[in-house]
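Q: I would like to go through a structure step by step. Could we begin once it is on the screen?

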Amino acid sequence: MRSIQSGTFLRDSVTEYFSRLPGFGKEKERIRILIGFSGGPDSVCLMTVLDELSENLNIDIVLAYFNHRIRPAEELAEEMAFIRTLAAEKNLELHIGEDAGEIERDSVSLGVECAARKARYGFFHSLLEKTGCRYLALAHNLDDTVETIVMRFFK
């Protein structure tokens, strides 16, 4: 059995996943992957694993953070400092986007969560083209699904 504590299981699983992508690893040039990076535990884990595997997978990773302009200023400042420090320590390219009012406008018809997702994905899509990244990697965990279900229940 593979050791979860050592991280071997996760690295092996990620490597196996990438090996199943059509054509992945056949190119001589490095493949650029954009990571939707919130600074939370799930996206930090994804970034760490992909960064550790970057030579084996022949990939370069680019971080993309989207400020929804919903969080309190002090909390946002802490988060931004953490994200910038981590990107600098890992020597990773970091792009930061910010809502320009779309979320408030679209939340009337879509709801805040859906409007925020639409704005975030719009930012990611524009960055894929701008940075030459071929893939978008997002980290989600079971809690994300549970949280969404609970939020919908209370709405």
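Q: Which residues of α2 are buried?
A: In α2, the buried residues are Ser43, Val44, Leu46, Met47, Val49 and Leu50. Buried means under 20% relative accessible area, exposed means over 50%, and partly exposed lies in between (1.4 Å probe, protein chains only). Helices (H or I, at least four residues) and strands (E, at least two) are DSSP runs, numbered from the N terminus.

Q: Before we go on, what kind of model is this?
A: This is a predicted model, in which local features need pLDDT of at least 70, side-chain atom pairs count only at pLDDT 80 or more, and totals for chains, interfaces and linings use all residues. Residues are numbered from 1 along each chain as its sequence is written, and side-chain values use heavy atoms, with hydrogens and water left out.

Q: Back to α2, then. What do its buried residues pack against?
A: They pack against α1 (8–19), β1 (31–36), α3 (54–57), β2 (59–67), α4 (73–90) and β4 (135–137). Contact here means heavy atoms within 4.5 Å.

Q: How many residues does α2 have, and how far does it reach?
A: Helix α2 covers residues 41–52, which is twelve residues, and its first and last C-alpha atoms are 16 Å apart. That is close to the 16 Å expected at 1.5 Å a residue; the expected span is 1.5 Å times one less than the number of residues.

Q: And at what angle do α2 and α4 pack?
A: The angle is about 5°, and the axes of α2 and α4 are 12 Å apart. Helix α2 is therefore roughly parallel to α4. Axes are lines fitted to C-alpha atoms, for helices over the stretch in contact, and angles run from 0 to 180 degrees between N-to-C directions. Angles under 35 degrees count as roughly parallel, over 145 as roughly antiparallel, 65 to 115 as roughly perpendicular and the rest as oblique.

Q: Which residues meet there?
A: Val44, Met47 and Asp51 in α2 meet Phe82, Leu86 and Lys90 in α4.

Q: What about Ser43, what is it in contact with?
A: Setting aside neighbours within four places in sequence, Ser43 is in contact with Gly36, Phe37, Ser38 and Ala139. Ser43 has a relative accessibility of 2%, so it counts as buried.

Q: Changing topic: in what order do the strands of the sheet come?
A: The order is β3-β2-β1-β4, in an open sheet of four strands with parallel pairing. The edge strands are β3 (93–98) and β4, each of which pairs on one side only. From one strand to the next, the twist averages 30°. Two strands pair if DSSP finds at least two bridges between them.

Q: Over how many bridges do β1 and β2 pair?
A: They pair over six bridges, in the parallel sense. Ile31 stands opposite Ile59 in β2, and Leu34 stands opposite Val62 in β2. In β3, Val62 has Glu93 as its bridge partner.

Q: Why is β2 described as largely enclosed?
A: Eight of the nine residues of β2 are buried, so this strand is largely enclosed by the rest of the structure.

Q: Now the aromatics. How many aromatic pairs are there?
A: A search of the whole structure finds three. In one of them, Tyr121 and Phe124 are edge-to-face, 5.8 Å centre to centre with 70° between the planes. Rings of Phe, Tyr and Trp (its six-membered ring) pair if their centres lie within 6.5 Å; planes under 30 degrees apart count as stacked, over 60 as edge-to-face and the rest as tilted.

Q: Where do Tyr121 and Phe124 lie?
A: Both lie in helix α6 (residues 112–131), three residues apart, about one turn of the helix. Tyr121 is partly exposed, at 34% relative accessible area, whereas Phe124 is buried, at 3%. The rings of Phe123 and Phe124 have centres 6.0 Å apart and planes at 45°, so that pair is tilted.

Q: Which residues form the aromatic cluster?
A: Phe66, Tyr121, Phe123 and Phe124 form one cluster.

Q: Last one: is His140 buried or exposed?
A: His140 is exposed, with a relative accessible area of 58%. His140 sits in the loop between β4 and α7 (142–154). Beyond neighbours within four places in sequence, His140 is in contact with Asp42 and Tyr121.
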